[in-house]
Amino acid sequence: MKGSGGFTLIEMMIAAAIIAILALIAVPSYQAYIVRANEGVAKAFLAELASRQQAFYNDRRSFADDLADLGYATETVGLRGDGQIAADGDPLIYTVSVEEDSVTARAYVVIAVPQATQAARSQCGTLRWTAQGTRSASGPKGDACWQR
């Protein structure tokens, strides 16, 4: 008569080792994916702000000094990972604002500054968009961040 059809301890250890190796590969890849997705959220929001700045300029022949002038509740807004504006207490991925002292008759700079884990993991750093359409980043990847 044969023994029961269970797994041996060696088989269980091999299966656990395979799962651990797969997790070691998958988790960093997933984290990098989340960082890139958050960067995409910030870039899209900066593009929206550039559009709002242009509409503001068309109406008033000057650019807005802060986000409150563009219809937001405050001068600076926080972004959540889903691209929505954060409420008090929400985890932030970026804070977005018009760069201080950047607004002139023909220029502005809107910036997205990474927060919390996004700041620790992002290779792009602070993202910038100017009135002339110039896009840049302060991190180690620099302007390559806008190439995706």
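Arg61 lies in the loop between α1 and β1, where helices (H or I, at least four residues) and strands (E, at least two) are DSSP runs numbered from the N terminus. This residue has a positive phi of about 60 degrees although it is not a glycine. Most residues other than glycine have a negative phi. Arg61 is exposed, with a relative accessible area of 57%; exposed means over 50%, buried under 20% and partly exposed in between, with a 1.4 Å probe and protein chains only.

Some ground rules before going on. This is a predicted model, so local features need pLDDT of at least 70 and side-chain atom pairs count only at pLDDT 80 or more, while totals for chains, interfaces and linings use all residues. Residues are numbered from 1 along each chain as its sequence is written, and side-chain values use heavy atoms, with hydrogens and water left out.

Back to phi: Ala116 is not a glycine either, and has a positive phi of about 50 degrees. Ala116 sits in helix α2 and is exposed, with 62% relative accessible area.

**The disulfide**

How many disulfides does a search of the whole structure find? It finds one, taking a disulfide as a pair of cysteine sulfur atoms within 2.5 Å. The partners are Cys124 and Cys145, with their sulfur atoms 1.9 Å apart. The pair links distant parts of the chain, 21 residues apart: Cys124 is in the loop between α2 (116–121) and β4 (127–130), and Cys145 is in the segment after β5 (135–137). The angle about the S-S bond is -105 degrees, and the link of Cys124 and Cys145 is left-handed. Cys124 counts as buried at 0% relative accessibility, and Cys145 counts as buried at 0% too.

**Rings and charges**

The whole-structure search also turns up four aromatic pairs. Here rings of Phe, Tyr and Trp (its six-membered ring) pair if their centres lie within 6.5 Å; planes under 30 degrees apart count as stacked, over 60 as edge-to-face and the rest as tilted. Phe45 and Tyr72 have ring centres 5.6 Å apart and planes at 55 degrees, so the pair is tilted. This pair links distant parts of the chain, with Phe45 in helix α1 (residues 9–60) and Tyr72 in the loop between α1 and β1 (77–79), 27 residues apart. Phe45 is buried at 6% relative accessible area, and Tyr72 counts as buried at 9%. Elsewhere, ring pairs link Tyr57, Phe63 and Tyr108 into a cluster.

Two charges sit over rings, as tabulated below. The test is that NZ of Lys or CZ of Arg is within 6 Å of the ring centre and within 35 degrees of the ring normal.

| Charged residue | Ring | Distance from ring centre |
|---|---|---|
| Lys43 | Trp146 | 5.6 Å |
| Arg135 | Trp129 | 5.5 Å |

**The nonpolar core**

In soluble globular proteins, nonpolar side chains tend to be buried together. The largest nonpolar core in this model has 28 residues; a core is a set of buried Ala, Val, Leu, Ile, Met, Phe, Trp, Tyr and Cys residues joined through side-chain atoms within 4.5 Å. Those with the most contacts inside it are Leu46, Leu49, Leu67, Tyr94, Val96 and Leu127. Each of α1, β1, β2, β3 and β4 supplies at least two residues of this core, and α1 gives the most, with eight residues.

Take Leu67 from that list. Contact means heavy atoms within 4.5 Å. Leaving aside neighbours within four places in sequence, Leu67 is in contact with residues including Leu49, Tyr72, Val77, Val96 and Val98.

**Two buried serines**

Which loop holds Ser102? Ser102 is in the loop between β2 (94–98) and β3 (109–114), and is buried with a relative accessible area of 12%. A polar atom of the Ser102 side chain lies 3.1 Å from the backbone nitrogen of Val109. Not counting residues up to four places away in sequence, Ser102 touches Ala107, Tyr108 and Val109.

Ser122 is in the loop between α2 and β4 and counts as buried at 8% relative accessibility. The Ser122 side chain makes a polar contact with the side chain of Glu39 at 2.7 Å. A polar contact is a pair of N or O atoms within 3.5 Å; within protein, one must be able to donate a hydrogen and the other to accept it, and residues adjacent in sequence count only if both atoms are side-chain atoms. Beyond neighbours within four places in sequence, Ser122 is in contact with Val35, Glu39 and Tyr94.
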